[in-house]
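Student: I have just opened this entry and would like a guided tour. Could we go through it together, one question at a time?

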Amino acid sequence: MRIVVLSDTHGNSYALESVILRNTDADWIFHLGDGERELDNFILSHQKLAPKIIHVAGNCDFDSLSQEVFILPVMDHKILATHGHLYGVSSSLDKLKELALTNGCDIVLFGHTHMKYESYENGIYFLNPGSASIPRDGSKPTFGHIDISPAGVVLNIANV
């Protein structure tokens with residue numbers, strides 16, 4: 001199973017389209033917030049992809065009707081997706097870890113910091129794909145993908 005993860009596109013429709021259209025074979029596509037307007041426009045013009053796209057609200061997605069947290073069971077795993085601003089991810093992942101453990105999730109996706117991050121800690125995979133348009137860590141714009149198979153979970157971050 002292939003899952004594509006992007007975040008913080010902040011109005012950059014080109015970056016969003018570039019990532020999604022290069023990965024149409026993905027089973028799921030997560031947008032972790034701060035880009036709802038361009039994602040909505042993309043979905044309107046690519047209706048066939050809409051059923052595989054999941055979006056959570058970011059702190060800049062004003063008046064969003066999207067959920068703050070989304071949990072998706074896949075294979076033998078549970079994925080928790082959130083933008084991260086409500087859980088203090090800029091300073092610590094402790095609140096996010098607690099949320100994952102409370103909900104039995106072993107894969108956590110978050111954005112907000114515009115800095116890519118991947119780790120495996122105490123049985124939980126963490127992935128922040130960075131920003132697909134405005135990275136804050138001096139790198140190129142990035143997105144992530146996750147491959148899940150019976151052999152395990154592989155996280156990866158790639159350039160837009």
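Tutor: Gladly! Keep in mind that this is a predicted model. Let us begin with a bridge between two strands: Val5 has Phe30 of β2 as its bridge partner.

Student: How many bridges pair β1 with β2, and in which sense?

Tutor: β2 covers residues 28–31. Between β1 and β2 the chain passes through helix α1, residues 13–22, in a right-handed β-α-β crossover. The two strands are joined by four bridges, and the sense of the pairing is parallel.

Student: Which residue of β3 is the bridge partner of Phe30?

Tutor: β3 spans residues 53–55 and runs parallel to β2, with three bridges between them. In β3, the partner of Phe30 is Ile54.

Student: Which strands stand at the edges of the open five-stranded sheet, and why is one side of each left without a neighbour?

Tutor: The order of this sheet is β4-β5-β6-β8-β7, and its pairing is mixed. Inside it, β5 and β6 pair in the parallel sense over three bridges, and Ala81 has Leu109 of β6 as its bridge partner. An edge strand has a single partner strand, so one side of it is left without a neighbour in the sheet; the two edge strands are β4 and β7.

Student: What is the distance between the closest N and O atoms of Arg2 and Asp147?

Tutor: Arg2 lies in strand β1 and Asp147 in strand β9, 145 residues apart, so this pair links distant parts of the chain. Arg2 is partly exposed, at 27% relative accessible area, and Asp147 is partly exposed too, at 28%. The two form a salt bridge, and their closest N and O atoms are apart by 2.5 Å.

Student: Which residue forms a salt bridge with Glu121?

Tutor: The structure holds two salt bridges, and in this one the closest N and O atoms are 2.8 Å apart. Glu121 lies in strand β7 and its partner in helix α3, so the pair ties together parts 24 residues apart in sequence. The partner of Glu121 is Lys97.

Terms used: Residues are numbered from 1 along each chain as its sequence is written. This is a predicted model: local features need pLDDT of at least 70, side-chain atom pairs count only at pLDDT 80 or more; totals for chains, interfaces and linings use all residues. Side-chain values use heavy atoms; hydrogens and water are left out. Two strands pair if DSSP finds at least two bridges between them. A crossover is right-handed if, with the strands pointing away from the viewer, the path from the first strand over the helix to the second runs clockwise. A salt bridge is a side-chain nitrogen of Lys or Arg within 4 Å of a carboxyl oxygen of Asp or Glu. Buried means under 20% relative accessible area, exposed over 50%, partly exposed in between (1.4 Å probe, protein chains only).
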